[in-house]
Amino acid sequence: MGNNGTVWLPESASTVAPEVDWLFYFVYWTSIVITLLVVGGMIYLVWKYRRKSDEDRPEPVKESKLLEISWVVVPTILVLLVFTWGFQGYLKLTVAPSNAYEIQATAFSWGWSFDYPNGASVGNELHVPVDRPVRLNMSSEDVLHSLFIPAFRVKQDVLPDRYTSVWFEATQEGEYHLFCSEYCGTQHAEMIATVHVHSQADFDEWLADAAMDEDVPLPELGERLFGQQGCQQCHSVDGTDGIGPTMQGLFGSERTMQDGEVLEADENYLRQMIINPGERVVEGYQAGVMPPYGRLSEREINALIAYIKEQ
Amino acid sequence: MDSSKETQSGAAPETEHQEPHNYLNHAKTIKSWLLTLDHKRIGVLYAVTLAVVFLIAGLLAMAVRVELFVPGETIMDNDTYNQTFTMHGIMMVFLFIVPSIPAILGNFVLPLHLGAKDVAFPRLNLASWYVYMTGGALVVTALLVGQVDTGWTFYTPYSSSGDMAILYMTMAIFIAGFSSIFTGLNFIVTIHKMRAPGLTWNRLPLFVWSIYATSIVMVLATPVIGITMILLFMERLLQIGIFDPALGGDPILFQHFFWFYSHPAVYIMILPAFGIISELMTTFSRQRIFGYKAIALSSVAIALLGFLVWGHHMFVSGQSAISSIVFSLITYLIGIPSGIKIFNWVATMYKGSIWLQTPMLYALSFLFLFTIGGLTGIMVGVLSVDVHLHDTYFVVSHFHYVMMGGTVIALLGGMHYWWPKITGKMYNETLGKIAAGLIFIGFNATFFPQLILGAQGMPRRYATYVEEFTFLHQVSTVSSFILAAGLFLVLGYMMHSMFFGRKASKNPWGGATLEWTMTTSPPDPHNFTRTPIITRGPYDFHLADEVFGPRHTGDGAGDGATEPATPAEREASR
């Protein structure tokens, strides 16, 4: 990830970011001035009127109406000002240009998948063209999630049974974090995707490639899906034990279930475990951790199994 | 009448040699404590209970900080981490900060401030503690029967699908809520009906005004969280679709219900702190409060406006843009009265006589920390900026600046201030100042880096994080140990003073409110030996001849003096 951010804000890579940053720094510097006034006044008064003798008995001071009115009026003007600017900026953030390129985003526990108009579907990677407004139409398969791209200064909750949307226009090619920012359970912290901003030409090329699933050999497609669907977050392919069992040497091995039964890990076993992982759980692992992946297509399941067989 | 009963059941008071009769020594059995109807003893019961809760929830926070020292798994796995921050939040919010100041200091000080013998309904007061304990027991049960990892916000549908232990937790919050309602109701009636002769509304100490405003919110808002929890409970148990989309419910409805309580609850937590700060600033400046009416009425204004801003927690939730805009505007209106208070407190010191004892150090810390808490609140209220900052560490830090930097610091200041009155003992002033310094430095060094983390995009409730956030997380974790050291130091010298502390005089700080001028330290079981008659305002130090002696004779002073102080006594109290 590039780093041209400031001390407070990350790099800014969308059309709305500079405006948000400007407002952030306006409130920031105003706050610094107010804090210095309060703290300065406090320190001065504490020193100036420190108690010199136990018998000190100061006369009560008459209140100043002018002072009181001024510290009501000045802050009121200031907050109404930042309210207005914030409100204008918010309208820009919420209303997408009508010519925006549309991508369907689906959040699930714990990953993202993005569907493109030409049928391409990728997980945990969002590819977008630079200098072109992009609108994500979003929904969730299970609980609340929230799509947050700090470099673009955009965030929107993703809900089950309802569409929400977010739009941005990237201004810099590069890779950026996409976080889930609404708490969603065990792997909330790992529900991170990468935003790839390409030039229009590179994007077109990538998009054509991504839609070519039909031509990709099964194991290769499986490898891609294994990453995109977030499988690698729990299942390693190098023999280390994660939240779920490793895939290394899994195919053809004997697996002891929680109920004691021993099953051979053949194609049907793997298929069951992908589509309905909660039904049978291998001894030593927790039930209910892995979500069912029934939404994968037949070819995608075949591809995953082909990939696992090779490990 | 109740206390005479206690005297019979308890140890005979005459066994105390020369110790004057007071609320702590007139009966000493455990039963006399558990069945007490004395507001002072109930305050102490709450103090002990809440100290335990704060300790546990604080240790959970330390576990969270340690886990975040490096990315990846440090001391616990994701699920354990999620349960840890959930328990930290639930215990701190529902079991500690909401009851804290009203239940401990409100109970102890309010009737003393009013010149009353007790609160209006002493039995209801005791009941509130038992109800609270029942809620606490259910929280423990929830921990034993399963896992709660929903965060303290219980957002649906995640909470509708989790472990059954969530049901125990929602029931615990439902029940603990009644303890708030009882306390609030009791205080409202007490303030209306039990003021001493001459104690007009304009002569009420500002602590009383703040407790009054808080009580209104407690009584009006708490039922909503109760109802919400019951709805969540019924949805889960009877499968009625209310919040869960799988059953045809609406998850955003839950957020509306939840914040309709939880935003006003923020004012339940912070308003009493305002009250304490007003007391500390005046007593330790020996000056009238600047803008009494502005402070008193702004508390009530905040309490009422506080009901109209809940939607600012939901700018990116999917609620309509119009709602967000309206909520943002009202949020700013509520920022103004809070700002006025800060300016008023600073102005109170003008031409005062400022005495930097430990409670005053906490009051000054509060002014600084609450200013940051308030201004970061303005930042997250800006619609377009909030879109970026929402659900990040910026928000985490903002509310810790308000809740801990505000409420907990004020509570610590108040505990030090009233400690001589509550226990009859003085704490060690030097250690007190050191601890106040450690807490101030530790707090800022823990939470200021989190503001930067959040603005840089670090989402909250993450068990692990991307590498670029490591440095700031480490600063925060290391500093949290300084903060913890300060708090443990307070615990240590407070416990020490309870047994070995120097005896406190009646009015060690030279306060001009009734608890200092009219009661002994610790007070009599019945508070006052005669009904106080009020002839001046709470901060009219220039009229408080009963504290300082007649004007200009110089034969009396507030500092550690039993009046009238002899020079030798004054020397000894330094």
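This report walks through a predicted model with two chains, A and B, starting with chain B.

Residues are numbered from 1 along each chain as its sequence is written, while chains are lettered from A and ligands numbered from 1 in the order in which they are written. Since the model is predicted, local features need pLDDT of at least 70 and side-chain atom pairs count only at pLDDT 80 or more, whereas totals for chains, interfaces and linings use all residues.

**Chain B**

Look at chain B and you'll find 20 helices and 0 strands. Helices here are DSSP runs of H or I with at least four residues, strands are runs of E with at least two, and both are numbered from the N terminus. The radius of gyration of chain B is 24 Å, close to the 25 Å that the globule rule gives for 574 residues, so chain B is as compact as a globular protein of that length. That radius is taken over C-alpha atoms, and the globule rule is 2.2 Å times the number of residues to the power 0.38. Along its principal axes, the C-alpha trace of chain B spans about 75 × 50 × 45 Å.

How much of chain B is buried? Of its 574 residues, 62% count as buried. A residue is buried if 20 or more other C-beta atoms lie within 10 Å of its own, exposed if 12 or fewer, and partly exposed in between, with C-beta atoms placed from the backbone. Contacts also reach along the chain: among those in chain B between residues at least 6 apart in sequence, 79% join residues at least 24 apart. Two residues are in contact if their C-beta atoms, placed from the backbone, lie within 7 Å.

B:R460 gives a close-up view. B:R460 sits in the loop between α16 (429–455) and α17 (470–500) of chain B, and B:R460 is buried, with 21 other C-beta atoms within 10 Å. Leaving aside neighbours within four places in sequence, B:R460 is in contact with B:D391, B:T392, B:Y393, B:V395 and B:V396. B:D391 is 69 residues away along the chain, yet the C-alpha atoms of B:R460 and B:D391 are separated by 5.7 Å.

**The cores**

A nonpolar core is a set of buried Ala, Val, Leu, Ile, Met, Phe, Trp, Tyr and Cys residues joined through C-beta atoms within 7 Å. The largest one has 236 residues, and B:A172, B:I277 and B:A363 touch the most other members. Its largest share, 19 residues, comes from helix α10 (residues 251–285) of chain B. Outside the four places on either side in sequence, B:I277 is in contact with B:W345, B:A363, B:F366 and B:A410. Apart from this core lies another, of 12 residues, including A:L221 and A:I305.

**Where the chains meet**

The contact between the chains takes 71 residues from chain A and 73 residues from chain B. On the chain A side, α2(A) gives the most, with 15 residues. By class, that side has 39 nonpolar, 16 polar and 16 charged residues. Ala, Val, Leu, Ile, Met, Phe, Trp, Tyr, Cys and Pro count as nonpolar, Asp, Glu, Lys and Arg as charged, and the others, Gly among them, as polar.

**Chain A**

Chain A is divided into domain 1 (1–47 + 96–211) and domain 2 (218–309), with bounds that come from an automatic or database domain assignment. The C-alpha centres of these two domains lie 32 Å apart. Between them, 11 residues of domain 1 are in contact with 6 residues of domain 2.

| Strands | Sense | Bridges |
|---|---|---|
| β1(A) and β5(A) | parallel | 7 bridges |
| β1(A) and β2(A) | antiparallel | 5 bridges |
| β4(A) and β10(A) | parallel | 5 bridges |
| β9(A) and β10(A) | antiparallel | 5 bridges |

β1(A) and β2(A) form a hairpin with 2 residues between them, and A:A105 stands opposite A:F114 in β2(A). Towards β5(A), A:Q104 stands opposite A:N137.

Which residues make up the covered face of strand β10 (residues 193–198) of chain A? They are A:A193, A:V195 and A:V197, while A:T194, A:H196 and A:H198 form the uncovered one.

Notes:
Pairing = 2+ DSSP bridges.
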